[in-house]
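Hi there,

Here is the structure I promised to pass on to you. Have a look at it first, and then read my notes below.

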Amino acid sequence: MKIIEVQNYDQMSQQAAKIIIETVQDRPQTVLGLATGGTPLGTYTYLVRDHQLNGTSYKQVHTVNLDEYVGKAPSDEQSYSYYMNKHLFEPANIPKTQTYLPNGLAANLEEEAERYTHTLQSLGGVDLQLLGIGKNGHIGFNEPGTSFDSETHVVQLTPSTRQANAKYFSSESEVPTQAITLGIATIMKAKRILLIVSGIEKAEILYQCLYGQIDEQIPASILQKHPHVTIIADQEALSVVNQKAEAH
Ligand SMILES: N[C@@H]1[C@@H](O)[C@H](O)[C@@H](COP(=O)(O)O)O[C@@H]1O
């Protein structure tokens, strides 16, 4: 795993955007795996800025998102679909027909999860997967205890995740209780993974993910086994890693 330490959130966002831009310029038909949450927002801002200033084209790119809340329509401001359209797809002019998210309104959620797996396969898999990490070590919406062999599936969100994500809703009770997410095995099939981490509240879990036991209780710990992971983390997020390194 390659760890790039940066000073702060802005530098993390800039560096992550640089890697994505280079990947797309190098291979315009790249399949990008994308994430939501607060962490990637700055990265998307830099991608959009570069698109506007330098004209990097996303016309041939396909995007596959990690997850979507069950019960949220794309027109709903709290859906991940709405978030992606607003922060990246529209301002970077990515053709809508080439962007994919699970359908959180599907009548049969299990079938939708399977359909999403097929979509991903038909695209030939993800070339570069952007990932954030939840405070409990989740990736996508794969909560602690999820099998490392899991493919795309429907999940019950844990109280801690619903609490952490409540800041994007008017109250915690508004946070959906279920989501559809790419599984851990699905995420691990990406050719390259770019994990971005910022802030002191992720410092302990980042340490455990990078140097702790590979354990299903800490979903992101599986990344230790991926052959091509780059982690861009700021000083706060790396503070526990650095403290422990000094102590040795
Ligand atoms: N499903 C998303 C994850 O993909 C994301 O990594 C996590 C962390 O969010 P934040 O970046 O806001 O800390 O939030 C959600 O649960």
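In which sense do β4 and strand β8 pair, and over how many bridges? β4 and strand β8 (residues 178–181) pair in the antiparallel sense, over three bridges. Strands here are DSSP runs of E with at least two residues, and helices are runs of H or I with at least four, numbered from the N terminus; two strands pair if DSSP finds at least two bridges between them.

Before going further, please note that this is a predicted model: local features need pLDDT of at least 70, side-chain atom pairs count only at pLDDT 80 or more, and totals for chains, interfaces and linings use all residues. Residues are numbered from 1 along each chain as its sequence is written.

Back to that sheet: it is open, with three strands in the order β4-β8-β7 and antiparallel pairing. β4 (67–69) and β7 (153–156) are at the edges with a single partner strand each, so one side of each has no neighbour in the sheet. Across the pairing with β8, Glu68 has Ile180 as its bridge partner.

There is also an open sheet of seven strands, ordered β1-β10-β9-β6-β2-β3-β5, and here the pairing is parallel. Its edge strands, β1 (2–6) and β5 (99–100), each pair on one side only. Within this sheet, β6 (residues 128–131) and β9 (residues 192–197) are joined in the parallel sense by four bridges, and Leu130 stands opposite Leu194 in β9.

Now to a pair of helices. The axes of α7 (residues 203–211) and α8 (residues 239–247) come within 7 Å and cross at roughly 60 degrees. Axes are lines fitted to C-alpha atoms, for helices over the stretch in contact, and angles run from 0 to 180 degrees between N-to-C directions. That makes α7 oblique to α8, because angles under 35 degrees count as roughly parallel, over 145 as roughly antiparallel, 65 to 115 as roughly perpendicular and the rest as oblique. Ala203, Glu204, Leu206, Tyr207 and Leu210 of α7 meet Ser239, Val240, Val241 and Lys244 of α8 (contact means C-beta atoms, placed from the backbone, within 7 Å).

Finally, the ligand: 14 residues surround it, and the closest are Gly37, Gly38, Thr39, Gly132 and Gly134 (a residue is near if its C-beta atom, placed from the backbone, lies within 6 Å).

Best wishes

Key:
Contact = placed C-beta atoms within 7 Å.
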